[in-house]
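The sequence and structure come first.

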Amino acid sequence: MALEVIIFDMDGVIVDTEYYDFQIQKDFIRKFNPSSSYEESELLQLVGKSYYNLYKLLQNFIGDKLSISQIEDEYARFSEERYRSIDYKKLFRKDIELILKFAKANNIRLAVASSSKKQHIIEVLKACNIYQYFDYIESGECFLESKPNPDIYKSVLKKFSVINENCIAIEDSYSGIEAATAAGIPTIGYYDERLPFFNSKASWKVENMRQVYEIISNL
């Protein structure tokens, strides 16, 4: 394998925010449907979804008392208030710096492909002092369907004019791994025991970023 590009997801990979997002989503459902009694296993389908797909799922759990556009507005206000208190530097998986420095030393280009909004991605990368490492950022907000649809990854491949076999994606959610592997990209799956589900289509399964570094540096 001639590794040319490493593509990172952001939430749950670069920063340990996927579980925090999940808590916000559950609290949002409880706010608008206080009598809800969904099992944790049912709610896990919320994890890693693009904004529009998330809004549709939230509507399923809340009921049709709110339209999709109303859910979008309400969720934006609800999550923004919760995120004001987040210190991304504390949630940053610092061992990623090993991978970033290795990539730069070996002329491997770096990208982020995240379902989050682009401005939010940039804010997080800057807060973690790693924005300067990345050659390209792709946001799910630019696509009608983001993950698990593979278009976000296909867009990165097109941007770099690189074949899928010469890339590696690092993903944590079921939807993210589905998107990357559907684009034909070998994928490292980051497993979080707090969110106990895993997409076995990933070529590797890891539990920390040092394991990711070992895989990449030994290809």
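## Aromatic rings and packing

Both Phe-8 and Phe-134 are buried, a term that stands for under 20% relative accessible area, with exposed over 50% and partly exposed in between (1.4 Å probe, protein chains only). The model is predicted: local features need pLDDT of at least 70 and side-chain atom pairs count only at pLDDT 80 or more, while totals for chains, interfaces and linings use all residues. Residues are numbered from 1 along each chain as its sequence is written, and side-chain values use heavy atoms, with hydrogens and water left out.

A search of the whole structure gives 11 aromatic pairs. Rings of Phe, Tyr and Trp (its six-membered ring) pair if their centres lie within 6.5 Å; planes under 30 degrees apart count as stacked, over 60 as edge-to-face and the rest as tilted. Two of the pairs are tabulated here.

| Pair | Type | Centre to centre | Angle between planes |
|---|---|---|---|
| Phe-8 and Phe-134 | edge-to-face | 5.8 Å | 85° |
| Tyr-83 and Tyr-88 | stacked | 6.4 Å | 15° |

The pair of Phe-8 and Phe-134 links distant parts of the chain, 126 residues apart. Phe-8 is in strand S1 (residues 5–8), and Phe-134 is in the loop between helix H7 (118–127) and strand S3 (136–139). Helices (H or I, at least four residues) and strands (E, at least two) are DSSP runs, numbered from the N terminus. Tyr-83 and Tyr-88 are both buried. Elsewhere, ring pairs join Phe-28, Phe-32, Tyr-55, Tyr-75 and Phe-78 into a cluster.

Two lysines lie over rings. Lys-126 is over the face of Tyr-131, 5.1 Å from the ring centre, and the charged end of Lys-205 sits over the ring of Phe-198, 5.0 Å from its centre. The criterion is NZ of Lys or CZ of Arg within 6 Å of the ring centre and within 35 degrees of the ring normal.

Helix H6 (residues 96–105) packs on helix H10 (residues 209–217) at an angle of about 20°, with axes 8 Å apart. Axes are lines fitted to C-alpha atoms, for helices over the stretch in contact, and angles run from 0 to 180 degrees between N-to-C directions. The contact (heavy atoms within 4.5 Å) involves Ile-96, Leu-98, Ile-99 and Phe-102 of H6, and residues of H10 including Met-209 and Tyr-213.

Leu-57 is found in helix H3 (residues 51–62) and counts as buried at 13% relative accessibility. Leaving aside neighbours within four places in sequence, Leu-57 contacts Gln-45, Leu-46 and Lys-49. The C-alpha atoms of Leu-57 and Gln-45 are separated by 8.2 Å.
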